[in-house]
Amino acid sequence: EMTKRRNWAPYLLLAPSAIFLLIFFAVPMLQSFQLAFQDADGNWTLNTLQRMFADANFHLGLKVTVTLVVLVIPIQFVLAMSMALIINQRLRGNSLWLYVYALPLAISELAAGLVWVSIFQQRGWLNSILMNLGLIETPIIWQSSESYWTLIGIILVTEAWRATSIIMIILVAGLQSIPDEYIEAAEVYGATLWQRVRRVMLPMLRPALQVALILRIILAIQVFATVIALAGSALTTLTSQSWVWSTAVQDDNMAAAYAMVVLMLSIGSTIAVLWLLPVRDEQQV
């Protein structure tokens with residue numbers, strides 16, 4: 001009887017989370033899928049999806065979303081790995097560095113966007129510093145709607161500052177789970193820092209890398225408030241288009257169609273990461 005109770009224990013512990021996900025995620029997701037394949041009168045149709053694919057903003061939103069994902073992920077992983085290696089060295093003042101690195105996690109996406117608006121606006125901190133240093137004579141318009149790549153650049157900087165800490169914390173946990181003997185053995189055999197990172201740390205970090213990559217890609221696909229704060233209507237993403245159709249146009253069916261595309265991209269990217277970055281049984285943490 002005691003053995004039976006132990007067999008049920010994991011399921012009982014998972015039950016509250018499973019119920020929460022079912023009520024607040026699975027059911028709304030199915031309702032969203034239903035709305036995407038219906039018209040305003042509730043009739044089943046593909047017209048909503050056809051309208052979405054024919055919408056010019058859909059193609060622009062998809063382009064911006066994919067561009068941000070492709071560019072921000074490598075930048076953040078390099079930064080996060082560097083930060084994690086510094087934390088893992090256990091130097092004096094280590095806790096202070098961890099606090100500084102993790103500080104952006106306490107700031108919401110919209111608040112982070114507003115912070116960087118104050119930096120990049122025409123009379124913001126960046127232009128003031130550059131003018132005081134004599135590097136420019138007139139303020140640079142960083143948030144110009146005519147410069148696509150400049151807007152992408154400032155959004156990348158903001159996202160890198162705001163969300164790199166998430167990856168860093170996961171990598172720190174992964175690094176601290178690697179036995180010191182492996183690192184010390186590599187040092188004894190004369191491995192450089194880059195060789196230790198490439199040959200020892202990264203292979204053993206694969207489970208943590210997998211989790212961090214999936215999480216960050218999904219968050220990048222769903223980026224919303226940062227783009228709204230920094231670029232306004234000059235740039236649009238799939239999530240911002242869903243918001244526009246839901247609030248400004250009040251077309252829940254089109255909003256659900258955009259949300260469905262975001263969800264499918266998130267699921268597809270998760271499957272791709274699991275396939276491209278498999279974790280062997282002996283690597284499981």
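**Figure 1. The whole chain at a glance.** Accessible areas here come from the Shrake-Rupley method with a 1.4 Å probe, and for residues only the protein chains shown count as cover. By that method the chain has an accessible surface of about 17,200 Å², with 66% of it belonging to carbon and sulfur atoms. Please keep in mind that this is a predicted model, in which local features need pLDDT of at least 70 and side-chain atom pairs count only at pLDDT 80 or more, while totals for chains, interfaces and linings use all residues. Residues are numbered from 1 along each chain as its sequence is written, and side-chain values use heavy atoms, with hydrogens and water left out. The chain has 13 helices and 0 strands (DSSP runs numbered from the N terminus: H or I of at least four residues for helices, E of at least two for strands). Its C-alpha atoms fill a box of roughly 75 × 70 × 30 Å along the principal axes. Of the 285 residues, 38% count as buried (buried is under 20% relative accessible area, exposed is over 50%, and partly exposed lies in between, with a 1.4 Å probe and protein chains only). Among contacts (heavy atoms within 4.5 Å) between residues at least 6 apart in sequence, 72% join residues at least 24 apart.

**Figure 2. A salt bridge between Asp251 and Arg51.** The closest N and O atoms of this pair are 2.9 Å apart (a salt bridge puts a side-chain nitrogen of Lys or Arg within 4 Å of a carboxyl oxygen of Asp or Glu). The pair links distant parts of the chain, 200 residues apart: Arg51 belongs to helix 2 (residues 47–54), and Asp251 to the loop between helix 12 (238–247) and helix 13 (252–276). Asp251 counts as buried because its relative accessibility is 14%, whereas Arg51, at 40%, is partly exposed. While you are in this loop, look at Gln250 too, which is found between helix 12 and helix 13. Its phi is near 60°, a positive value in a residue other than glycine. Most residues other than glycine have a negative phi. Gln250 counts as exposed because its relative accessibility is 66%.

**Figure 3. Further salt bridges, including Glu159 with Arg162.** A search of the whole structure finds 4 salt bridges. In the one between Glu159 and Arg162, the closest N and O atoms are 3.0 Å apart. Both residues lie in helix 7 (residues 148–176), 3 residues apart, or about one turn of the helix, and both are buried. Another salt bridge brings together the side chains of Glu187 and Arg196, at 3.9 Å from N to O. Here Glu187 is partly exposed at 44% relative accessibility, while Arg196 is buried at 15%. Shared partners join Glu159, Arg162 and Arg216 into one network of salt bridges.

**Figure 4. Aromatic rings around Tyr148 and Trp149.** The whole structure contains 9 aromatic pairs (rings of Phe, Tyr and Trp, the last by its six-membered ring, with centres within 6.5 Å; planes under 30 degrees apart are stacked, over 60 edge-to-face, and the rest tilted). The ring centres of Tyr148 and Trp149 are 5.1 Å apart and the planes meet at 85°, so this pair is edge-to-face. Tyr148 is buried at 19% relative accessibility, but Trp149 is exposed at 55%. The charged end of Lys63 sits over the Tyr148 ring, 4.7 Å from its centre (this calls for NZ of Lys or CZ of Arg within 6 Å of the ring centre and within 35 degrees of the ring normal). Ring pairs also link Trp116, Phe120, Trp142 and Trp161 into a cluster.

**Figure 5. A nonpolar surface patch that includes Ile19 and Leu21.** Leu21 has its place in helix 1 (residues 2–36) and is partly exposed at 46% relative accessible area. Ile19 also lies in helix 1 and counts as partly exposed at 49%.

**Figure 6. The surroundings of Gln210.** Gln210 is found in helix 10 (residues 206–221). At 15% relative accessibility, Gln210 is buried. Leaving aside residues up to four places away in sequence, Gln210 touches Val273, Leu274, Leu277, Pro278 and Val279.

Note on methods: Patch = residues over 30% accessible without salt bridge, like charges linked within 9 Å, V, L, I, M, F, W, Y side chains within 5 Å.
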